[in-house]
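Trainee: Could you walk me through this structure with a few questions and answers? I'd like to see how each answer is reached.

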Amino acid sequence: MIRVEGLSKHYGELIVLKDINTVINKGEIISIIGPSGTGKSTFLRCLNLLETPSGGEIFIDEIPLFDKNTNVPKVRQKMGMVFQSFNLYAHLSVLENLTIGPIKLLGKNREEANKKAIELLSLVGLAEKVNSFPDELSGGQKQRVAIARCMAMEPEILLFDEPTSALDPTMVSEVLAVIRRLAREGITMVIVTHEMEFAANISSRVFYMDEGLIYEDGTPEQIFENPQKEKTKTFIHRIRSLVQHISSKEYDLYAIQGDMEQFCEKHMLSKKVNDNIMLIIEEVLTLQTDFSDIDLSLSYHEKDGSIEFLCESTGIESNLLDETIWEDNIGILILKSRCKSIEYRYINGRNSIDLTVKV
């Protein structure tokens with residue numbers, strides 16, 4: 001359904017995409033994953049010519065997009081795109097957002113367009129919002145309306161550019177549920193996403209992009225369980241982390257805890273986990289004696305759901321977990337009660353306390 005040959009995109013000397021070659025078959029669900037800044041969204045935008053490629057060719061149903069005889073607007077109608085930021089018309093009702101395209105571009109009459117719009121709103125669970133305006137909807141509801149609006153144009157291909165990245169964590173699941181439902185309809189989909197578990201469960205194939213290339217292409221089982229290339233392995237087995245640096249005894253504990261709390265919310269970690277982490281931060285810092293160079297990192301391992309807190313400080317070797325050096329070791333007892341494991345190491349002039357948080 002989509003064939004890409006030698007696709008490249010650059011902005012001056014900045015090369016974003018280079019020599020991309022792939023085929024996406026009818027009915028496939030392709031998830032595109034990879035680090036930020038590796039061309040994932042640009043690739044998607046090139047597919048429907050929101051960005052003009054610098055080189056190469058794209059074929060949609062074997063029609064070359066860059067041929068001077070190709071009716072590009074007609075070919076582009078085969079593709080619908082859902083963006084991060086919804087892009088709904090604020091001055092139009094939900095119903096009008098869904099019908100304006102079919103009426104103006106597909107030539108449907110209003111009655112037919114209204115009927116189809118209501119069917120699609122039912123599909124995404126928002127039939128009762130037919131007369132609402134976008135500013136009356138939550139972020140998740142706006143994104144579901146945006147998906148329904150794409151479907152109203154009867155596309156054969158749906159492109160999703162990180163459809164959940166602008167949403168509150170509590171709203172992510174409702175949008176992913178709609179995409180899963182569409183997947184069962186057999187629609188060809190290309191999804192740029194940072195939701196790894198979702199990509200693993202829904203995809204027929206996964207593209208891992210790095211350095212402007214499709215660095216590895218395989219089934220979800222291959223990419224997530226047995227990646228073949230080094231950078232893919234590093235990314236898949238990566239951990240989502242937040243790092244805080246302290247260089248003075250006058251550090252802002254509340255700001256550090258606030259950032260850590262936001263991290264917990266983003267990854268939908270429970271209140272119990274959040275409370276444990278807040279206490280661990282406070283107690284670990286209470287144990288420190290030198291505040292000139294401390295790194296705190298909170299890491300969430302997506303694959304097994306474990307949470308790791310690491311405190312590294314420059315200085316002479318000093319096991320701050322050694323209870324014999326403390327007259328009052330209540331802090332260490334608190335850490336032990338909140339952690340599944342605690343380990344001290346001294347490597348390359350750095351004292352390291354590594355804790356696995358109870359979940």
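Trainee: Which residue's backbone nitrogen lies 2.7 Å from a polar atom of the side chain of T188?

Mentor: Keep in mind that this is a predicted model, where local features need pLDDT of at least 70, side-chain atom pairs count only at pLDDT 80 or more, and totals for chains, interfaces and linings use all residues. Residues are numbered from 1 along each chain as its sequence is written, and side-chain values use heavy atoms, with hydrogens and water left out. T188 lies in strand β8, residues 188–192 (strands are DSSP runs of E, at least two residues, and helices are runs of H or I, at least four, numbered from the N terminus). The backbone nitrogen at 2.7 Å from a polar atom of the T188 side chain belongs to G27.

Trainee: Is T188 buried or exposed?

Mentor: Its contacts, meaning heavy atoms within 4.5 Å, include M1, I24, E156 and L158, leaving out residues up to four places away in sequence. Buried means under 20% relative accessible area, exposed over 50%, and partly exposed in between, using a 1.4 Å probe and protein chains only. T188 has 1% relative accessibility, so T188 is buried.

Trainee: And K26, buried or exposed?

Mentor: K26 sits in the loop between β2 and β3 (29–33). Not counting residues up to four places away in sequence, K26 touches M1 and T188. Its relative accessible area is 65%, so K26 is exposed.

Trainee: How far apart are the C-alpha atoms of K26 and Y344?

Mentor: Along the chain, K26 and Y344 are 318 residues apart.

Trainee: Why does S8 count as buried?

Mentor: S8 is in strand β1, residues 2–11. Beyond residues up to four places away in sequence, S8 touches L17, K18, D19, P53, S54 and G55. S8 counts as buried because its relative accessibility is 18%.

Trainee: What is the phi of D19?

Mentor: D19 is found in strand β2, residues 14–24. D19 is a residue other than glycine with a positive phi, and the value is near 50 degrees.

Trainee: What about the phi of E154?

Mentor: E154 lies in the loop between α5 (139–152) and β7 (157–161). At 45% relative accessibility, E154 counts as partly exposed. E154 is not a glycine, yet its phi is positive, at about 55 degrees.

Trainee: How is α11 oriented relative to α12?

Mentor: Helix α11 (residues 271–287) and helix α12 (residues 330–338) pack with axes 9 Å apart, at an angle of about 150 degrees. Axes are lines fitted to C-alpha atoms, for helices over the stretch in contact, and angles run from 0 to 180 degrees between N-to-C directions. Angles under 35 degrees count as roughly parallel, over 145 as roughly antiparallel, 65 to 115 as roughly perpendicular and the rest as oblique. That makes α11 and α12 roughly antiparallel.

Trainee: Which hand does the crossing of α10 and α11 have?

Mentor: Helix α10 (residues 253–266) packs on α11 at about 150 degrees, with the axes 10 Å apart. That makes α10 roughly antiparallel to α11. A crossing is left-handed if the near helix is turned anticlockwise from the far one by less than a right angle, and right-handed if clockwise. For α10 and α11, the crossing is right-handed.

Methods. A polar contact is a pair of N or O atoms within 3.5 Å; within protein, one must be able to donate a hydrogen and the other to accept it, and residues adjacent in sequence count only if both atoms are side-chain atoms.
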